[in-house]
There are 4 protein chains.
Amino acid sequence: MYTANEVEKYSFRNDYSEGAHPFIIQSLFTRCTEVNLPYGADKHSDAAADMIRKLCKAPNAEVAFLAGGTPTNVLAISAFLRNAYEAVIAPVSGHVNVHETGAIEYSGHKVIDVPSGLDGKLTPELIDSAVSFHGGEHMVVPKLVYLSQSTELGTIYSKAELTAISEYCRSHGLYLFLDGARLGSALMAKENDLDLADIAALCDAFYIGGTKNGLLFGEALVFTDNSATDHLRWLIKQHGFMLAKGYIVGMQFEEAFRDGLFFKMAKHENECAEKIVEAIRRCGFELYTKWQTNQIFVILPTKLAEELSEKFGCFIESRLTDDRCAVRIVTSWATTDDAVDAISAWFLAKFCAGIIKDYIRK
Amino acid sequence: MYTANEVEKYSFRNDYSEGAHPFIIQSLFTRCTEVNLPYGADKHSDAAADMIRKLCKAPNAEVAFLAGGTPTNVLAISAFLRNAYEAVIAPVSGHVNVHETGAIEYSGHKVIDVPSGLDGKLTPELIDSAVSFHGGEHMVVPKLVYLSQSTELGTIYSKAELTAISEYCRSHGLYLFLDGARLGSALMAKENDLDLADIAALCDAFYIGGTKNGLLFGEALVFTDNSATDHLRWLIKQHGFMLAKGYIVGMQFEEAFRDGLFFKMAKHENECAEKIVEAIRRCGFELYTKWQTNQIFVILPTKLAEELSEKFGCFIESRLTDDRCAVRIVTSWATTDDAVDAISAWFLAKFCAGIIKDYIRK
Amino acid sequence: MYTANEVEKYSFRNDYSEGAHPFIIQSLFTRCTEVNLPYGADKHSDAAADMIRKLCKAPNAEVAFLAGGTPTNVLAISAFLRNAYEAVIAPVSGHVNVHETGAIEYSGHKVIDVPSGLDGKLTPELIDSAVSFHGGEHMVVPKLVYLSQSTELGTIYSKAELTAISEYCRSHGLYLFLDGARLGSALMAKENDLDLADIAALCDAFYIGGTKNGLLFGEALVFTDNSATDHLRWLIKQHGFMLAKGYIVGMQFEEAFRDGLFFKMAKHENECAEKIVEAIRRCGFELYTKWQTNQIFVILPTKLAEELSEKFGCFIESRLTDDRCAVRIVTSWATTDDAVDAISAWFLAKFCAGIIKDYIRK
Amino acid sequence: MYTANEVEKYSFRNDYSEGAHPFIIQSLFTRCTEVNLPYGADKHSDAAADMIRKLCKAPNAEVAFLAGGTPTNVLAISAFLRNAYEAVIAPVSGHVNVHETGAIEYSGHKVIDVPSGLDGKLTPELIDSAVSFHGGEHMVVPKLVYLSQSTELGTIYSKAELTAISEYCRSHGLYLFLDGARLGSALMAKENDLDLADIAALCDAFYIGGTKNGLLFGEALVFTDNSATDHLRWLIKQHGFMLAKGYIVGMQFEEAFRDGLFFKMAKHENECAEKIVEAIRRCGFELYTKWQTNQIFVILPTKLAEELSEKFGCFIESRLTDDRCAVRIVTSWATTDDAVDAISAWFLAKFCAGIIKDYIRK
């Protein structure tokens, strides 16, 4: 029924499998011979930064445009932590802890991982357990808290939750940095009650992810605290993260925020995800984590998990037991109705075939 | 006569002030919703790598696509030098020695700078002076030679010169890495007698620069020696250099090499430069270094240097004396006839105004 | 009853509060003007290394003498892990994970901490949980297992336990490194069934700690696997760990192993500890971890913990609840009968005063 | 005439071939069972630091005791340069530039080497050439000047010279750090006009070398500028430089400064050197660099250089031409009259044999 090619037709592997929204590329196309200053000192980067400062109601924020999530995380953390013995507190499932090949450690800093649960979220209590444990010159000095919005497990922090964390950080001399690789989807989530201005007010730095939300590539790193902004350009260059043609990121963000395209794309992702979640629930499958954004984690019998993974390019997040897996389904700005229908139909087919019933019976 | 806006109209600041050749962006545009595997494991990167292997007559070469010159240099050097006490020999004017904010040192390695002359070129003798000096565990271990083609001063190595260096390296256990940020222009230089297959045969690794030759961004790093290829992907990721949408670099190189566009753009740069060099010579100005590629270094009285710099965005390379400077003029894939005429006219105007005569009289 | 000065009279703070055994210093004294080659290339270091090779029945082992525990751990780990993306698996309570101010991370490597229990010991199962979790270029590569003998909690691995771990490591391509800061005490423990030859056979590297066993300072790092031995001296020097007068460590180990002094001192430590443990048990106090070596962890009401800590310089290991602490008591080569009697008397006094009873009643 | 054993009898290899002055070791011996606080927080380190503050007339200086020259250099430089893109300016012959296996680069910082001459000394002009060259975020930021007193070539800075450098540094926002591995010999040089208080006033940090002046090991690092002192202990620990028994360095410095022993030993070195220099001059040999301290560099025909090297363990500093070498002769606190007579006799013997005449004739 499904052919190998369908993987490339209907991909739910991630939100960076398709190039970019046509408007984004068009904005580069129309300016392909325009002369611009190099290394991000151009008018497009300036204009995009201004748009972002306005959205964030943070007129004095510093904005830097970078090429991807890992460099943005490394840069933000290095910028705040000037001494290698200063450390980052992160949830055990945090991207910097598990999926960046030790990039933070390569920059010299320890990642103190705290045992967040299935929702992948930090709390003041979890942070405090790490803070209380450390002291004296024989241990690293926790200095920055790292969290992701949405998290690596698709969940989001509420305004109350983020406020509590922010207050803890400020009263304990910790910087707060929010990884916004999927901030678009988080902001457009139905349950979300945070806007960019809230995030700017509560965090010392955060980034607005473009790569996973319809841009060719690019992240907008926003610093609302000025502790790190004097030396950003040296750090960016020394790490190898400075783009000669920085303006091509500026142009993309200009286009993304000019007319709400950024938010429309994120909303689309969430709507596609919602339809799939409805299909999953209707068919009696259980979710692994609470669904809130464009990432869905569904529990399936191993055999089905592998089939879904093969047909739709999904990633098996975790092998829960010998016969049950959690599978990740991700929607993107480019997910089509056809694709949503196809994956929904797959779930329905499995349901009808009674495979589920057998599974439940066991 | 010149307005502030003309800087942006006629820029000779560098070869990365204009976005990209329309065909390059078109290749992304037409595939904007195409589904591809992430992190460079896609069919476009594969196809582009194959094209490069063919051009290099190196069927077993490993090709990695990266986002810019500094990350490519850091990666190649880190890949070969597994131990921090192993060092790079570079000309004192080498990009890794002076213009990368200590990125190589940040990765732990010493850059041993040897006093290359005005042409910015290494020789076996210069390399040997560094090799002979080092020995024993109290000194770093020279392990890799870094050079650029074309050099930072616009000159190129001949086949005889590169062969001599390659032979020295091989007989002394040194890797040879060629920084090809401007390899296109070097390959299309009138005096050039090296092709990609020669370079692949003589070097252990090198890169073909896209950013400075008409791509939006992207460098193709080619390893012909397999000492470093087993762990490239871990290194790329850990350094923060792995692009989620690696395929957008693959697509660009595919387009660049599909039909000779890469070489046509480089040829255009050199032809524009040649016209400007003719104008400079006709007007009696002296060149600072031998002209061979798309970078021209001209000696001017300080006042004129500053005027040229202001009108055409040129970079003052060096203040030779209180009243004489070397100014860099760079042509790009996007340099227009109008721009060439404008800068040539400027030289002619200065000549006619007799400023030169005064200068020569002194 | 106790004066401030008594802390310095009867210290159970650690096993490095007293300079060195008189015979050790005498060995330096008698050779104070003897000429020796620098940087560890001397006859005393050679002789000490030979003694160690014999004790280890490892005639081809490489032995390096270093100044302390942290440099020895950093060196051993760096020597095996040539690439920064390679990581160390350690128990969460491992010295390299918590008490070296991120020294391993400073050298670029991630420490993967696994949740060892109260005994501070690894098992093949715990190691496997970390190994199974990691895979692919987006994660670090576990490459070395770190454990301590005795552990940071005073316990020891049996021959069966260490053999199981060694077998796991060898069948999974992992190096095994044993931190022997307190190896002397472990080897002389009553329950110990491992000798130096066993340890040399089961581990790829380990060290014999001198600083915590009666030497002025010095650790003998033994490599039985030759993967790392070709470049040790460069690494030692680059890290700043090479002693100009390396022979003064060689002389100390020569003296320590010449006539069994090393083992006598360790035995003395354990015997003192045993007497204190007897007193503790007789008085009805509970131990926090199983007692086996020269570190005793006893659970006390907070008030008593603080008093013990103040009187005898003990370290409060952990605040278990608001009113109970685990306190660490350490004996050394220099612990006197007087000191043992004094601390035993303190426990007895508390017992008699009925404070314990009250505590239990609560 | 000379036997192989004489090398160990009469060594002029360096000033760290003999253990330590008997009084130094005695000071450890008499306190071998004394209880002290660990990690340098003890009363002996405090007392020694106080003595040093008094000698330096710097009551607020911070003093840290370390185990050797390389760790002290790495620590001082890391302490001032909190960001890796900040760089050290050093003479090309500076110890940190050539003889520490890239330890500074391993800590992330570039060493900008300036072409000092045969005397191995910096000048404000040389420093300024490096400062003027650097600017902007594409280059490292020079932030600290490193020099040695005495230099690696045995010469010393006069008060006027060091003052000029200090003034340059202060007016250009550069820290000044003086490597005092051989500060004792420099301070006791006949031509010296600097005392410890001058050095403390002119430099932001410097160290007083014990290892090369009669201690078992140990350097006293003095910070007169407080920019780096808040986080020294974290840095020391993270680098692996913190000694568990820090008090054994404190005890040695206490003894060295209690009664002038430190200066007496340095004076002895210089006096021995002076006698040898007299013999060399009397015999018509030429010095390679100006003689001022306990290092003598003499030019010899290669054959004689090799003989001297073999007989007296001297180091061939440089092969000047095919038939002439510069040889280093170093005296130490332990150099005997016998040794001075023996090497003087060797020069006389060569003179008498007419070898010199032949050499001069050529």
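**Helix packing, domains and chain contacts in a predicted model**

Visitor: Are helix 7 of chain C and helix 8 of chain C roughly parallel or antiparallel to each other?

Guide: In this predicted model, the axes of helix 7 (residues 124-133) and helix 8 (residues 159-171) of chain C come within 9 Å and cross at roughly 25°. An angle under 35 degrees counts as roughly parallel. The orientation of helix 7 of chain C and helix 8 of chain C to each other is therefore roughly parallel.

Visitor: How many charged residues has the contact of helix 7 of chain C with helix 8 of chain C?

Guide: Helix 7 of chain C contributes P124(C), I127(C) and D128(C) to this contact, and helix 8 of chain C contributes A164(C), I165(C) and Y168(C). Sorted by class, the contact holds 5 nonpolar and no polar residues. Asp counts as charged. The number of charged residues in the contact is 1.

Visitor: What radius of gyration does the globule rule give for the 362 residues of chain A?

Guide: Chain A contains 16 helices and 11 strands. The radius of gyration of chain A is 21 Å and close to the value from the globule rule, so chain A is as compact as a globular protein of that length. For 362 residues, the rule gives 21 Å.

Visitor: What distance separates the centres of domain 1 of chain A and domain 2 of chain A?

Guide: The domain assignment of chain A places residues 6-16 and 264-361 in domain 1, and residues 22-258 in domain 2. Taken over C-alpha atoms, the centres of domain 1 and domain 2 of chain A are separated by 29 Å.

Visitor: Which element gives the most to the side of domain 1 of chain A that touches domain 2 of chain A?

Guide: The contact brings 17 residues of domain 1 of chain A against 19 residues of domain 2 of chain A. On the side of domain 1 that touches domain 2, at least two residues each come from helix 13 (261-282) and strand 9 (295-301) of chain A. The element that gives the most, with 5 residues, is helix 13 of chain A. By class, that side of domain 1 divides into 7 nonpolar, 6 polar and 4 charged residues, and the element asked for remains helix 13 of chain A.

Visitor: Which element of chain B gives the most to the side of chain B that touches chain A?

Guide: Chain B places 42 residues in contact with 42 residues of chain A. The elements giving two or more residues to this side of chain B are helix 2 (22-29), helix 4 (69-80), helix 6 (103-106) and helix 11 (232-238). With 4 residues, the element that gives the most is helix 2 of chain B.

Visitor: What rotation superposes chain B on chain A?

Guide: 100% of the interface residues of chain B are also interface residues in chain A, so these copies meet through the same surface. The superposition has an RMSD of 0.0 Å and 0.0 Å of shift along its axis. The rotation that superposes chain B on chain A is 180°.

Visitor: As by what kind of axis are the two copies, chain D and chain C, related?

Guide: A rotation of 180° with 0.0 Å of shift along its axis superposes chain D on chain C, with an RMSD of 0.0 Å. The relation between the two copies is thus as by a two-fold rotation axis.

Visitor: From which helix of chain D comes the largest share of the side of chain D that touches chain C?

Guide: This contact takes 43 residues from chain D and 42 residues from chain C. Helix 2 (22-29), helix 4 (69-80), helix 6 (103-106) and helix 11 (232-238) of chain D each supply at least two residues of the side that touches chain C. The largest share, 4 residues, comes from helix 2 of chain D.

Visitor: Which residue does a cis peptide bond join to Q149(A)?

Guide: Most peptide bonds are trans. In this cis bond, omega is about -10°.

Visitor: What is the phi of T101(B)?

Guide: T101(B) is found in the loop between helix 5 (95-98) and helix 6 of chain B. Although T101(B) is not a glycine, its phi is positive, at about 50°.

How values were computed: Residues numbered from 1 in each chain as written. Chains lettered and ligands numbered in written order. Predicted model: local features only at pLDDT ≥ 70, side-chain atom pairs only at ≥ 80, totals over all residues. Least-squares fit on C-alpha atoms with pLDDT ≥ 70 in both. Contact = placed C-beta atoms within 7 Å. Domains from an automatic or database assignment. Axes fitted to C-alpha atoms, helices over the stretch in contact; angles between N-to-C directions. Parallel < 35°, antiparallel > 145°, perpendicular 65-115°, else oblique. Rg over C-alpha atoms; globule rule 2.2 N^0.38 Å.
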